[in-house]
Amino acid sequence: MSQPVSSEPMSDVSATSTTSQPVKVAPPLKLDILRIIRLCQQQHGLRHGDYQRYRSFCSRRLRRIRKSLEATYGNQKKFQKPVITDELVAKDSRYLLLPLICSERAWAFAMQLKTESNSEPRKKFHLLNRLRKAVKHAAQLEALCNQQKTCDARTKLEVQAYTAVMNGHLKFEMQQWTNALEFYVRAQTIYDKLKTGVRSEDDKQMIDQRIDEITTNVRFCQYKSGDKNAAKELRNLRTKAALDDPEMTRILDAFLSEAHEQQTSTISEVTWRQHKIQIANEKVRLFFLNLQEFEAEIKKSGVSFDTKMSLYESFLKEAVETLQIAKDELKNDPTFKPVPASAAAGATPATNEKLSDGVWLYSYIAWIRLSKMIERNLAMIDNAKQQTFKTTTSDTDKTDATSAKKVTKSADIVRMYDLLLQFLNDISTIPALQADKTIQSDVAFQTIVYKACRSFYIAVSFVQTKRYKESAALVNKAEIYMEQAKKIVSDGQQPKSSEINYQTLLNEFNVIQSKLDEVKYQIQTSATTATPTPAGSASPKVGALQQSFDEVLSIEEQKELEKKPLIDRLDTYLEDSSLTNKNRLNIVSLPPPFKPIPCKPVFFDLALNHLTFPSLDDKVQSKRQAISSMNDKGQQQQQAGLTSYVKGFFSWGGKKQ
């Protein structure tokens, strides 16, 4: 029998083996959740708000991860759901990506359904189910991280913040504002703690963007819970994000529009031009509510020029949409008949009494839109005037070193004034304002002021291109416009019901007055230093062109010139209003009149009159005889052919020879 082996030597051997081999320490488990989802969202559709593209990306990435980890759902014959255990996560940290990407995919699908639920309300239920699925996967991810002893503290905090955000989204869509606010505040607190321990500037920037998104939801939940100051904070966030983050601007606009839905019931009518207008459409009510807030934001001190331009663009875009809504409601309105600008002056005050509320509403929205466009252009002109005279004419194409922006040219300001004049012309054609003498007089005065400014800046641009004769004429024309405007103010022709101050509007001439003498001296210097003209020709004078340009025409002469086409009166200056009307353009006379055209000398054969040609009568007679004989033979052949044809037709039964 074999003797039993003692256990002591074995214990000694095992003890020595364990002491000889070093103990392996598992590496710490890290997962940068915020960086992963931020990069994926920015690179796959969410930069433009395309949630469907991001959801498709998540599905493709899940398939790649499962294939690489061999964690597929069985095979073609048998379904087997893979279970993620702690041992698998300890071996490979990529298993944590599976619940994370699943949660992102469910959330992206929910956001896609949210945009579609505006037209299909039934998709709201599907949206909530997908958000519940996202919360379930986020909770699974948090449980796996908490069970791992090697998981670092930052990963656990990021997972907790991510789960809190998903729970907040679910409660937000379920309109449980108090619970949603608790989850959002919890996530915001965790991200604030994470920001203190981060050194990289990129990570800090990503955390700040995440905090801003959560802050927006927090303010909205506070507003829904009854906090009145939350709406103001939302508008302040909208103003700050107008330039830096377009996606955040879009989200804030959606939140503000939802916040205004409860306030639109208070706006049932508006008063304009002493006429009460009833408002039935909810979107139109929302537009007037946004108008009040827009004017309050623009008037705030410390608002930068770029922020103002962004606010103007967003408001004007909404104005265009609202104007189209009001116009669609006027399709069956017989009182809505747009009148061209040429016929607007002949309207009578009695015509406005027959207009319906729909026409008044359309006219009011059109007036608001055009007036805000004028305000925007005036702000752009004021900003451009500061840079117009910074450089000399030779440096107009260079950039300004102090502002790192291209210096504005005079031609750009001219274009802005052209747009102003076009907007004023459109105001005079608004249906409810065509018979309003106050508006028409205000438009006429502003037109004179802006024409003076435009003429001056055209003259400046001509000086820069060394076209001194044209610039002299335009300077003189600008002075005439300025005198007309000042005379209207001095005579007290401003209507008492006018909404603008004529004296304040004359401040537009301040820049012109300060630069007018400089332009004149520059023109005179160019006239004296010009190259001499050849002998026998009159010397060019600047005043001669000015005199011909500024001759005052009588009313009868103006009517006679208006009858002529533009091509026949190019040498005479006339402000013809018919040229702005596409239906009455009188540029050339069609068809053009017939004119005798001299032939070229090559077509005249002068030697032909001195030639004597020989007689050709004998040849002509012989030719006639030949033709007559040929005609006789042809007739005989034709008769013979007809007789033979008839004979053959009646002899079909004859004998063959």
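**Entry 1: a nonpolar patch**

I looked up the nonpolar surface and found a patch of about 610 Å² made by I567, L570, L585, I587, V588 and L590. The model is predicted, so I kept in mind that local features need pLDDT of at least 70 and side-chain atom pairs count only at pLDDT 80 or more, while totals for chains, interfaces and linings use all residues. I also noted that residues are numbered from 1 along each chain as its sequence is written, and that side-chain values use heavy atoms, with hydrogens and water left out.

Patches are made of residues with over 30% relative accessible area and no salt bridge, with nonpolar side chains (Val, Leu, Ile, Met, Phe, Trp, Tyr) joined within 5 Å and like charges within 9 Å. A salt bridge is a side-chain nitrogen of Lys or Arg within 4 Å of a carboxyl oxygen of Asp or Glu. The areas come from the Shrake-Rupley method with a 1.4 Å probe, and for residues only the protein chains shown count as cover.

L585 is partly exposed, because its relative accessible area is 45%, where buried means under 20%, exposed over 50% and partly exposed in between (1.4 Å probe, protein chains only). Another patch member, L590, is joined to P591 by a cis peptide bond with omega about -10°, and P591 lies in the loop between α22 and α23.

Q274, placed in the loop between β1 and β2, has a positive phi of about 60° although it is not a glycine either. Is Q274 buried or exposed? Q274 is exposed, because its relative accessible area is 83%, whereas R273 counts as partly exposed at 21%.

I followed the side chain of R273 to that of D436, with which it makes a polar contact of 2.9 Å. Such a contact is a pair of N or O atoms within 3.5 Å; within protein, one must be able to donate a hydrogen and the other to accept it, and residues adjacent in sequence count only if both atoms are side-chain atoms. D436 lies in the loop between α16 (410-428) and α17 (437-464), and I recorded D436 as buried because its relative accessible area is 15%. A polar atom of the D436 side chain also lies 3.5 Å from the backbone nitrogen of I439.

**Entry 2: aromatic pairs**

How many aromatic pairs does a search of the whole structure find? The search finds 16, counting rings of Phe, Tyr and Trp (its six-membered ring) whose centres lie within 6.5 Å, with planes under 30 degrees apart as stacked, over 60 as edge-to-face and the rest as tilted. The rings of F287 and F315 have centres 5.5 Å apart and planes at 20°, so this pair is stacked. The pair links distant parts of the chain, with F287 in helix α12 (residues 282-298) and F315 in helix α13 (residues 305-328), 28 residues apart. F287 is buried at 0% relative accessible area, and F315 is buried at 3%.

Key
Helices (H or I, at least four residues) and strands (E, at least two) are DSSP runs, numbered from the N terminus.
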